[in-house]
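Subject: Structure for your study

Dear colleague,

Please find below the structure that I would like to hand over to you. My findings follow directly after it.

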Amino acid sequence: MIMSGWLRRRRAHLGGRWGIGRPAPVILTVLIAALAFATPREIAISRLLPVAPALAAAMWPVPATVLLGAFCLLVMVGLSFVYTDLGTPYTGAAIVAVTLAAAYASHVRIQREEALFHARTVADAAQTVLLRPLPRHIQGMEIESLYLAAQEHARIGGDFYEVADTPYGVRLLIGDVRGKGLSAVGAASAVISCFREAAYDEPDLRGIIHRLETSIGRHSSGYPGQDLPERFATAVIAEIPHDGGRLRLLNCGHPPPIIVHAGRIRVLEPSAVSPPLNLADLIGNDYFVDTHAFASGDQLLLYTDGVTETRDRTGAFFPLPEWLLRQGPAAPRELLDRLHHELVRYSGGRLEDDIAALAVRRPHLPAGDAA
């Protein structure tokens, strides 16, 4: 599941604007007109009428803005029959000038909104290719995903994940490209594309990592930039064999996955350090695979550091293991939904980094069939 989708935000934004904000210019016009008729001439409330079309430009299309300006002008003319010395020509001229300017501003705003909408639509398509929807069930296992953008209008970033049902078992990838902007997105795309091929070809997890290392290295060489020294990625590859009962992990400098087992948690720290992607030439290319028990009913949580580095108002990091202990049994979708809401609550709605997570639960098997 990818959150903060542009199309959903646009519908919600427009719904709020047209549902609540749309009557505001009319209400303001009626209020000014009523006060102008009801108050003494010396107060000259009518001089505020040009404010209404100016406000309309921020939320109405051009024709509606012009019509409101014309209505304000008629109100001013009506006031001139009651108060003959209001300076109607000057206020009327101001209404006309402001209405014309507001109409132009409305036109420019709509053009920019349409351009932004089309750009976000393209970004939506790009994100679907980069982080395509995952199958919810593979080999009987439940799989769910979560992606949260730190910025409200962000759609794609350097966090990535993928799942593949291969002849060697179900293989999962999650990672985080260091750096910002399109260079991070390009590096993430290179890693994911390579994994989608290598996961089916390589019998060993080390072979996959070597190919991912080569892929991100070629990408960085092909698109050099000032951030090249920082363009590396942390990643975890997990493999769950079809016969079940165990889990293989290769952790390249990434936050350790967590297994929830019978109400207890296990943080799967690597037994030895493996280098992040694109840093093998600097610190060596020795990769280590760990094997862990993965029993019937166990749930695996893979996540990026945006989860554990979420801070509250005091600067304290989000205590993910402790939070997991309090959740009790939960399906992967329910667990990630809870995590989403808790991270937003914990940070006060101010996420400072992109967040990605995968939750995988092995189905409960009869006692005689459990591996």
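The second largest pocket of this predicted model has a volume of about 330 Å³. A pocket here is an open set of points on a 1 Å grid over the protein atoms alone, where a 1.4 Å probe fits, with protein on both sides within 12 Å along at least five of seven lines. Grid points are joined across faces, edges and corners, and the volume is the space filled by probe spheres set on the points. The lining of this pocket consists of 19 residues, and V260, G263, G297, G328 and P329 are those that lie nearest its centre; a lining residue has an atom within 4 Å of a point. Two or more lining residues come from each of β7 (258-261), β8 (264-267) and α10 (320-325). Helices (H or I, at least four residues) and strands (E, at least two) are DSSP runs, numbered from the N terminus. By class, eight residues of the lining are nonpolar, eight are polar and three are charged. Ala, Val, Leu, Ile, Met, Phe, Trp, Tyr, Cys and Pro count as nonpolar, Asp, Glu, Lys and Arg as charged, and the others, Gly among them, as polar.

Residues are numbered from 1 along each chain as its sequence is written. Local features need pLDDT of at least 70 and side-chain atom pairs count only at pLDDT 80 or more, while totals for chains, interfaces and linings use all residues; side-chain values use heavy atoms, with hydrogens and water left out.

Strands β7 and β8 also belong to an open sheet of six strands, in the order β1-β2-β11-β10-β7-β8, with antiparallel pairing. Two strands pair if DSSP finds at least two bridges between them. Which strands stand at the edges? They are β1 (137-138) and β8, each of which has a single partner strand, so one side of each is left without a neighbour in the sheet. Within the sheet, β7 runs antiparallel to β10 (residues 299-303) and is joined to it by three bridges; I258 has L301 in β10 as its bridge partner. Helix α11 (residues 332-346) packs on this sheet and touches β2 (141-148), β10 and β11 (355-361). The direction of α11 makes about 20 degrees with that of β2, where axes are lines fitted to C-alpha atoms, for helices over the stretch in contact, and angles run from 0 to 180 degrees between N-to-C directions.

G158 is located in the loop between β2 and β3 (159-166). Is G158 buried or exposed? G158 is buried, with a relative accessible area of 9%. Beyond its neighbours within four places in sequence, its contacts (heavy atoms within 4.5 Å) include G175, D176 and D354.

Lastly, N278, in the loop between β8 and α8 (280-283), has a positive phi of about 80 degrees although it is not a glycine.

Yours sincerely

Note on methods: Buried means under 20% relative accessible area, exposed over 50%, partly exposed in between (1.4 Å probe, protein chains only).
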